[in-house]
Amino acid sequence: MAVAELPQEQTLVRKQRSLWEEAFIRLVRNKVSVASSIFIILLALAAIFANVLAPYDYAEQDLTQNNAVPRWMLPILPGNAANYARITTDYPLGADHLGRDILSRVLYGARVSLSFAVVASLISLLIGTLYGTISGYAGGRIDDLMMRIVDFLYAFPFLVVVILLQTYFKALGRASGMIGFGAKLLAFNDAMGGMLFLFVAIGLINWIGMARIARGQVLSYKRKEFVEAAHAVGASNSRIIIRHLLPNIIGPLIVAETLAIPGYIFTEAFLSFIGLGVNPPTPSWGIMISEAVPALRSYPNQVLVPAILLSLTTLAFNFMGDGLRDALDPRMKQ
Amino acid sequence: MTRYIIRRILGFIPVLIAIALFTFVLMRAIPGGPFDFAGDKSLPPQVVANIEAKYHLDWPMWKQFLSYMIGDDLLGEEGISRGVLRGDLGPSLRYRSQSVNDIIATTFPTSAQLGFLSLLLALMIGLPAGIIAALNQNTWLDYSSTFGAVLFLSIPNLVLAPILIWIFALKLGWLPVASWGAKPPYVLGFLPRLSQLNWDYVSHALMPVFALGTSSAAGIARLTRASLLQVIREDYIRTARAKGLRERVVVVVHALKNSLIPVVTVLGPAFAGLVTGTFVVEQIFGINGMGKHFVQSVGNRDYQVITGVTLVYGVILVIANLLVDITYAWLDPRIRYD
C-alpha cells in the first residue's frame with residue numbers, strides 16, 4: 001500500500017520575511033499605488049533634469065509670442081479663438097502672457113512643488129517625531145507640559161500664521177541692511193527663489209499633528225515587554241528610543257506624513273497664488289495658475305496645464321499614501 | 001458640563017491674547033509701514049511721522065499693545081480705540097474712514113454664508129456617500145464613491161474654482177462668473193431669508209460653495225465609510241439584528257450614531273479649512289468677504305485690520321473646537337467632562 005508522499009520540506013517551512021519585506025510585497029500588489037509611485041518617480045526625474053528637458057529657460061521671454069497657443073489646444077479655447085489667438089509651433093504647450101514657454105515653466109515648477117513636498121515633510125517628521133517621542137517617553141510632568149504647549153499651538157489658525165510669517169520673511173528679504181549670518185541666509189533664500197523661508201514657515205507649523213501621533217504611538221509601546229527587557233539588560237534611554245521604539249512607531253508616522261504631502265503642495269500653491277510664495281520669476285504651479293486666472297476667458301489652457309498637473313500629483317500622493325497605509329498596517333484595510 | 005464649558009472658555013483667553021500679541025508684534029516688526037505710499041506716490045517723512053504719531057505708532061511696543069487691548073482712555077491718552085477687551089478693534093490704517101469693526105461687520109456675513117453653506121454641502125454630500133459606500137462594500141457603488149472622494153480630495157480649490165468657471169460660466173454659460181453677495185439677503189446677519197431666496201442668489205452661490213465644499217465632502221465621505229465599516233462589525237450590531245430589528249433601524253439608530261464620532265473629530269479641522277479656503281475662493285470669484293480683505297490688508301500693512309481679522313479667525317476656531325468636544329459627549333455618553 002502506497003504511503004502518501006510527504007510534501008517537500010521547503011514547502012512546509014515558509015521563508016522568513018521581515019515586517020518591511022512583507023509590507024513591500026503588499027505594496028507592490030496594489031496596482032493603483034504602484035502606478036502612482038511610478039508617476040511620482042517620473043515627475044521627480046523630470047523635475048531633477050528640468051534644465052535638460054525644458055526647451056527654454058523658465059524666465060526666457062519672447063514678448064512677440066505672448067499667449068501663443070499650439071494648434072492642438074484650439075478646441076479648449078472659446079469658439080472665436082481663431083480670430084485672436086496666435087498660433088505657434090515653437091511652444092508645445094503654448095506661451096504665457098509674458099511669452100514664456102509653459103512647458104518649461106511647468107517642469108521647473110515641479111521642482112518647487114516636489115522639493116517642497118520632500119523638505120516640508122522631512123522637517124515636520126523630524127521635529128514632530130522627536131517632540132512626540134520625548135514627550136510620550138518621559139511621561140508625567142514633562143509630558144503634561146509638552147502636550148499643553150502642543151494644545152496651545154493647535155488653537156492657532158495655521159494658515160493665517162503661515163501667511164503672517166511669510167509676509168515677514170518676504171519683507172525681510174526686500175529690506176537690505178542685514179549683516180553677517182542673516183545676510184547669508186537671505187542670500188541663500190534668494191538663490192533658492194524664496195523657497196528657504198517657505199520651508200521654514202511650513203515646517204515650523206506642521207510638526208504638531210506629527211508630534212501627537214508619535215506620542216500616541218510611544219505610549220502604546222513603551223509598556224510592552226520588549227521595552228521592559230531592554231531596560232532590564234541595562235540599555236540607555238536613547239538606545240531604547242532609537243533601537244527599540246522608533247522602528248516600531250515609524251510606520252504610522254510615514255503613512256501620516258505621506259498623506260499630509262498633498263496638504264503641503266496645496267499650501268505652497270496657495271501661498272504662491274496670493275503672492276506670498278516663491279519669488280518671481282521662479283515658476284511654481286500656484287503662481288502659474290494665479291497669473292493665468294485673469295485671462296481665463298481667452299486662454300483657459302494657461303490655467304489648465306498647471307492645474308491638471310497639480311491635481312494629478314496630489315492624487316498620486318494620496319493613492320500612494322493609501323497604499324502605504326494598507327501595506328504597513330493590514331488591519332486598517334477594510 | 002456647564003463647568004467644563006466655562007473652564008474651556010477661560011482657557012481660550014490666553015490663546016487669544018497670544019494670537020493677538022504674536023500678530024501685533026510680527027506685523028510691526030515687518031520692514032515697511034502702512035503709510036509708505038499714498039496712492040502711487042511716497043509721502044514726505046514729516047507727514048509720515050505725523051500720521052504715525054496720530055495712530056500711536058511712535059510709542060514703545062508694549063504701550064501700543066496695551067492700548068490696543070484695553071483702550072487709550074484708560075492709559076490717559078488721546079483715544080483712537082476703546083480697546084479689544086471692550087469690543088473695539090481700532091481704526092483701519094488704510095481705509096481711514098472705516099474702523100476694523102465696520103470692515104468685519106460688512107465682510108464677515110458674506111464669508112460666514114460661504115463657509116456655512118459649504119459645510120452644509122460637505123455634510124449633505126459626504127455623509128450619504130460614505131454611508132452608501134460602507135453599506136455596499138466592494139460593489140461598484142463603493143468603488144466609485146471611494147474613487148470620487150480621493151479625486152476631489154486631490155483637487156485644491158484654487159484649481160477647482162477656475163475649472164468650474166471655465167466649464168459652467170464660460171463654456172456653458174449657465175452660471176454667473178462672479179460677484180456673489182453683492183446684494184446679500186441677510187437674516188440673523190448671515191443666513192439668506194427664505195422668502196428672498198431666488199434663482200439669482202442660488203446661481204451666484206452655487207460655484208463658490210461647491211468649490212469650497214467638495215474637498216471637505218470628500219474627507220467626510222472617506223471617514224464615514226471607514227468608521228461605519230468598523231462599527232458594523234461590532235457585537236451590538238449583531239445583537240440588534242438578532243433582535244429582529246429592521247435593517248434601517250439598525251443602520252440609522254445603532255450604527256450611524258456611533259460611527260459619527262471620528263467624523264465629528266474632523267469637522268473642527270474641516271471647518272478651519274473652510275474658513276481659510278475662503279481666501280482663494282473669494283479672490284477668484286470676486287466675493288467681498290473677510291478672507292479677501294485679510295489678504296489685501298497683509299499687502300497693505302494695515303496692522304489693525306490684520307490683527308483684528310486674525311483674532312476673529314482665532315475666535316471662530318476655538319468655538320468650532322469647543323462645539324466639536326461638546327458634540328462628542330452627546331454622541332458618546334461614555335465621554336464625560338468634569
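## Burial and make-up of the two chains

Of the 334 residues of chain A, 41% count as buried, where buried means that 20 or more other C-beta atoms lie within 10 Å of a residue's own, exposed means 12 or fewer, and partly exposed covers the range in between, with C-beta atoms placed from the backbone. In chain B, buried residues make up 39% of the 338 residues. Please keep in mind that this is a predicted model, in which local features need pLDDT of at least 70 and side-chain atom pairs count only at pLDDT 80 or more, while totals for chains, interfaces and linings use all residues. As for labels, residues are numbered from 1 along each chain as its sequence is written, and chains are lettered from A and ligands numbered from 1 in the order in which they are written.

Chain A has 14 helices and two strands, and chain B has eleven helices and two strands. Helices here are DSSP runs of H or I with at least four residues, strands are runs of E with at least two, and both are numbered from the N terminus. Reading chain B from its N terminus, the order is α-β-β-α-α-α-α-α-α-α-α-α-α.

Contacts are counted when the C-beta atoms of two residues, placed from the backbone, lie within 7 Å. In chain A, 72% of the contacts with a separation of 6 or more come from residues 24 or more positions apart. For chain B, 70% of the contacts between residues at least 6 apart in sequence join residues at least 24 apart.

## Where the chains meet

Chain A contributes 35 residues to the contact between the chains, and chain B contributes 35 residues. On the chain A side, the elements that give two or more residues are α8 (158–174), α12 (237–273), α13 (285–292) and α14 (300–328). Of these, α14(A) gives the most, with nine residues.

The side of chain A that touches chain B has 28 nonpolar, six polar and one charged residues. In this classification Ala, Val, Leu, Ile, Met, Phe, Trp, Tyr, Cys and Pro are nonpolar, Asp, Glu, Lys and Arg are charged, and the others, Gly among them, are polar.

The largest nonpolar core has 152 residues, and A:Val162, A:Leu198, A:Ile289 and B:Ala161 touch the most other members. Such a core is a set of buried Ala, Val, Leu, Ile, Met, Phe, Trp, Tyr and Cys residues joined through C-beta atoms within 7 Å. Leaving aside residues up to four places away in sequence, A:Leu198 touches A:Phe116, A:Gln166, A:Glu268, A:Leu271, A:Gly277 and A:Val278.

A:Ile202 sits in helix α10 (residues 195–221) of chain A and counts as buried, with 25 C-beta neighbours inside 10 Å. Not counting residues up to four places away in sequence, A:Ile202 touches A:Ala120, A:Val162, A:Tyr264 and A:Thr267. Its C-alpha atom is 9.9 Å from that of A:Ile163, a residue 39 positions away in sequence.

## Two helix pairs

In chain A, α12(A) and α13(A) pack at an angle of about 40°, with their axes 7 Å apart. Axes are lines fitted to C-alpha atoms, for helices over the stretch in contact, and angles run from 0 to 180 degrees between N-to-C directions. The two helices are therefore oblique to each other, a label for whatever is left once angles under 35 degrees are called roughly parallel, over 145 roughly antiparallel and 65 to 115 roughly perpendicular. The crossing of α12(A) and α13(A) is right-handed, meaning that the near helix is turned clockwise from the far one by less than a right angle, with anticlockwise giving left-handed. Residues making this contact include A:Phe270 and A:Leu271 of α12(A) and A:Trp285 and A:Ile289 of α13(A). By class, the contact has seven nonpolar, three polar and one charged residues.

In chain B, the axes of α1 (residues 2–29) and α3 (residues 61–70) come within 11 Å and cross at roughly 135°. This pair is therefore oblique, and the crossing of α1(B) and α3(B) is right-handed. B:Leu21, B:Phe24, B:Val25 and B:Arg28 of α1(B) meet B:Met61, B:Phe65 and B:Tyr68 of α3(B). That makes six nonpolar, no polar and one charged residues.

## Two loop residues in chain B

B:Asn138 lies in the loop between α4 (100–135) and α5 (140–153) of chain B. Its phi is near 60°, a positive value in a residue other than glycine. B:Asn138 is exposed, with 9 other C-beta atoms within 10 Å.

B:Arg301 is in the loop between α10 (290–300) and α11 (303–331) of chain B, and is buried, with 22 other C-beta atoms within 10 Å.
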